[in-house]
Amino acid sequence: MKIKYFAFFIFSTCKFTFADINPEINMPADFNGDNFIAREINDNSSVSYNTAESSGCSIIKFKEYRASPKNKISAEENNPANTFPVNTWVCLSSDTVYSNGYDRSMNEKIVYSRSKSLWVKANNKKSEIIPSDQDGPYKSLKLYNIKAKNAEGYVVFDENITKDDKETYKNAKELVSFCLVQDSTYSALCGSGSLASDSSQIPYVLKSVESMEIGLDNKVNEKMLNDSSK
């Protein structure tokens with residue numbers, strides 16, 4: 001199956017000092033905002049981080065929130081349900097992100113609506129849909145617009161798991177993809193991976209993405225951001 005799969009993003013015309021998630025989410029009763037692991041992604045990280053198209057994302061920092069372990073097994077570091085689901089990171093230009101959106105040639109795709117200043121779901125035309133071998137009937141995408149610390153974008157959760165997905169992501173229950181864009185620096189950080197457990201992980205993933213800061217320690221970015229906020 002042909003996959004047009006780049007994912008998502010929004011923009012920043014100034015330095016953001018706020019963050020939010022749309023639509024709003026209800027955090028689990030046991031969520032603790034002080035319980036997180038401080039993460040940093042850079043060129044020397046062990047994860048897959050591709051900066052071939054753009055180096056503007058530079059260093060990325062975020063808070064990895066996790067569900068409170070209910071037992072010893074669930075607390076183990078190597079438990080798939082207890083690890084951050086994004087394992088592939090890429091820095092793109094904002095033009096690439098706005099042009100591609102999220103489109104797997106299935107029933108729905110994610111596009112940017114300039115009239116609403118939001119990422120929205122749109123239906124693909126029949127001629128644009130490529131038959132796939134996903135499990136069961138098509139399931140609607142779950143889309144969230146995100147305002148992170150110094151960028152904006154979106155996160156999408158996709159339950160349409162194909163044979164290729166199963167080969168790529170072991171025990172995948174849902175695919176997750178996101179993009180955060182800084183319009184003023186023309187950079188966009190995107191990531192993808194999978195959830196190995198049920199949807200109870202989603203609030204923690206969203207809060208983790210919401211906490212992200214991109215392009216840190218990049219003097220060119222800092223100057224452009226400072227100039228755009230004047």
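## Model confidence

In this predicted model, the mean pLDDT of the chain is 84, and 80% of the residues reach 70 or more. Over residues 1-18 the pLDDT is below 50, yet the stretch has 93 contacts in the model beyond near neighbours in sequence. A further stretch, residues 71-76, stays under 50 in pLDDT, and the model gives it 7 contacts beyond four places in sequence. Where pLDDT is low, predicted coordinates should not be read in detail.

## Backbone geometry

Most residues other than glycine have a negative phi, and most peptide bonds are trans. The following residues depart from this pattern.

The peptide bond from Asn-22 to Pro-23 is cis, with omega near 0 degrees. Pro-23 sits in the loop that runs between strand 2 (20-22) and strand 3 (36-41).

Ser-117, although not a glycine, has a positive phi of about 55 degrees. Its loop lies between strand 8 (108-113) and strand 9 (118-123). Tyr-186 is also not a glycine and has a positive phi, of about 60 degrees; this residue is found in the loop between strand 12 (174-182) and strand 13. Ser-117 counts as partly exposed because its relative accessibility is 40%, a value between the limits of 20% and 50%. Tyr-186 has a relative accessible area of 54% and is therefore exposed, the cut-off being over 50%.

Ser-187 belongs to strand 13 (residues 187-195). Its relative accessible area is 2%, so Ser-187 is buried. Leaving aside neighbours within four places in sequence, Ser-187 is in contact with Ser-54, Gly-56, Cys-57, Leu-92, Ser-94, Leu-180, Val-181 and Gln-182. Of these partners, Leu-180, Val-181 and Gln-182 fall within strand 12 (174-182).

Ser-211 lies in the loop between helix 4 (202-210) and strand 14 (213-216). Ser-211 counts as buried because its relative accessibility is 10%, and the limit is under 20%. Its side chain reaches the backbone oxygen of Ser-208 at 2.7 Å. Beyond neighbours within four places in sequence, Ser-211 is in contact with Lys-61, Phe-62, Lys-63 and Lys-149.

A search of the whole structure finds 1 cavity of 30 Å³ or more. The largest cavity holds about 30 Å³ of space.

The lining consists of Asp-30, Phe-31, Asn-32, Asn-35, Arg-66, Ala-67, Ser-68 and Tyr-204. By residue type, the lining divides into 3 nonpolar, 3 polar and 2 charged residues.

Definitions and conventions. Residues are numbered from 1 along each chain as its sequence is written. Side-chain values use heavy atoms; hydrogens and water are left out. On a 1 Å grid over the protein atoms alone, a cavity is a set of points where a 1.4 Å probe fits but cannot get out, and a pocket is an open set with protein on both sides within 12 Å along at least five of seven lines; lining residues have an atom within 4 Å of a point. Grid points are joined across faces, edges and corners, and a volume is the space filled by probe spheres set on the points. Ala, Val, Leu, Ile, Met, Phe, Trp, Tyr, Cys and Pro count as nonpolar, Asp, Glu, Lys and Arg as charged, and the others, Gly among them, as polar. Helices (H or I, at least four residues) and strands (E, at least two) are DSSP runs, numbered from the N terminus. Buried means under 20% relative accessible area, exposed over 50%, partly exposed in between (1.4 Å probe, protein chains only). Contact means heavy atoms within 4.5 Å. pLDDT is the predictor's confidence in each residue, from 0 to 100. A polar contact is a pair of N or O atoms within 3.5 Å; within protein, one must be able to donate a hydrogen and the other to accept it, and residues adjacent in sequence count only if both atoms are side-chain atoms.
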